Amino acid sequence: MDEALTTRALPAHGGQLSAISAAFSVPIDRLLDFSASIYPDGPSPRVIEALSDALRSPQQLRQYPDLESIALRANLETYAAVPAGNIVVSNGIVPLMSASLRAMKVRRCLLPVPAFGEYRRILERESIEIRTYPLVPNTDFRPDFEHMIEYCVERGCDSVILNNPHNPSGVTFAATDMRSILALAAQRNIRILLDEAFIDFVPEESVSSHVLQTDNLIVFRSVTKFLAMAGLRVAYLVAPQGLVPTIASLLDPWSVSTLASLAAGAAVQDASYISNTIQRNSIEREWLSCALAGIGLTVFPSRANFLLIRLPNEREGANVWERLIVDHGIVVRNCGTFEGLDGSSMRVAVYGREDNQRLIRALASVMNRSI
């Protein structure tokens with residue numbers, strides 16, 4: 001294998017099928033994408049209905065979107081069980097986090113790694129000093145929270161970015177543990193920026209409502225992953241009410257389109273879709289986890305809609321990643337781009353049974369394992 005080619009072809013994010021198709025000369029319609037952790041069955045039927053109705057109404061498209069996203073925030077208030085006055089919406093978590101860092105006047109931030117790669121890029125763009133804290137595989141990427149906060153204080157950090165479920169492992173911290181670290185952080189004057197982009201798969205572990213009881217927490221949530229609307233770009237944060245006007249003033253106006261707002265509002269009202277998504281994902285995740293372990297892979301205990309797997313060595317990992325694409329038309333997330341991981345680690349989305357079986361057969365084939 002051409003190592004330089006593989007390095008150039010590694011995308012910084014999942015779902016980059018056009019780049020992979022071009023790099024490996026595989027038609028894009030032949031690729032099955034396990035690299036982006038989006039619910040596979042598509043959005044709620046209510047989303048399609050809301051979008052169709054809007055497109056049949058020229059007035060909807062003629063008008064500017066609501067600057068304050070009043071209707072969407074009202075729907076999110078019910079969905080997330082937090083007051084609309086504590087919610088800010090935008091076209092993704094990245095602009096929300098950038099605005100929050102500026103509003104909180106963060107100067108030095110602790111960044112546990114591995115983590116979503118955009119965190120470091122956001123911090124660097126905002127000229128914020130970064131101190132890293134290693135999360136290690138042999139503890140399933142679970143930190144000693146008390147030690148982490150003391151480490152944060154010792155290095156002069158005024159904030160820390162966490163995510164729950166953890167990305168890329170899917171390991172999830174109990175809400176009771178999160179509340180303990182929040183209390184400890186408050187005692188040491190540390191602000192917590194908590195990314196709950198995948199918490200909808202385990203809603204009982206969310207601490208979004210804890211924002212109402214403290215002034216050192218901002219929670220970021222995504223509408224697009226769990227609700228299968230990545231193309232519409234909608235995210236929101238829950239912040240102390242005193243910070244909301246400042247954060248909102250730092251965002252671009254009209255950042256959420258009318259269509260995106262209507263779709264997101266419809267999606268979070270579909271209780272049946274939400275319940276079925278949680279149930280189906282749990283069943284398929286457990287099946288896929290067992291099947292991956294059955295062909296000799298290390299599988300970390302995820303509660304999200306993806307699994308982090310580890311192959312025996314980094315060299316085999318790079319070869320497996322390429323062969324999956326070229327020989328089987330399957331794209332997984334090579335985690336060599338995650339700080340603290342190497343090419344022996346891969347992340348795979350949880351799909352339906354037929355696609356999950358196809359992934360297992362392909363992995364077994366390229367690794368010369370029997371199933």
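The model is predicted.

**Helix α5**

Let's start with α5, which spans residues 70-80 and has L72, R73, L76 and A80 as its buried residues. Viewed down the axis of α5, these buried residues fall within an arc of 95°, so they line one face of the helix. Turn to the other side of α5 and you will find A71 and T78, which are exposed.

What do the buried residues of α5 pack against? Their partners are the strands β2, β7 and β8, along with helix α11. The table shows where to look for each of them.

| Partner of α5's buried residues | Residues |
|---|---|
| β2 | 87-90 |
| β7 | 217-222 |
| β8 | 235-238 |
| α11 | 258-267 |

Just past the end of α5, have a look at A81: this residue takes a positive phi of about 60°.

**Helices α6 and α7**

Next come α6, covering residues 93-103, and α7, covering residues 118-125. Their axes come within 10 Å and cross at roughly 40°, which makes α6 oblique to α7. The crossing of the two helices is right-handed.

Which residues meet where α6 and α7 touch? From α6 come V94, M97, S98 and L101, and from α7 come E118, Y119, I122, L123 and R125. Sorted by class, the contact of α6 with α7 has six nonpolar residues, one polar residue and two charged residues.

Key:
Residues are numbered from 1 along each chain as its sequence is written. This is a predicted model: local features need pLDDT of at least 70, side-chain atom pairs count only at pLDDT 80 or more; totals for chains, interfaces and linings use all residues. Side-chain values use heavy atoms; hydrogens and water are left out. Buried means under 20% relative accessible area, exposed over 50%, partly exposed in between (1.4 Å probe, protein chains only). Helices (H or I, at least four residues) and strands (E, at least two) are DSSP runs, numbered from the N terminus. The arc is that of the directions from the helix axis to the C-beta atoms. Contact means heavy atoms within 4.5 Å. Axes are lines fitted to C-alpha atoms, for helices over the stretch in contact, and angles run from 0 to 180 degrees between N-to-C directions. Angles under 35 degrees count as roughly parallel, over 145 as roughly antiparallel, 65 to 115 as roughly perpendicular and the rest as oblique. A crossing is left-handed if the near helix is turned anticlockwise from the far one by less than a right angle, and right-handed if clockwise. Ala, Val, Leu, Ile, Met, Phe, Trp, Tyr, Cys and Pro count as nonpolar, Asp, Glu, Lys and Arg as charged, and the others, Gly among them, as polar.
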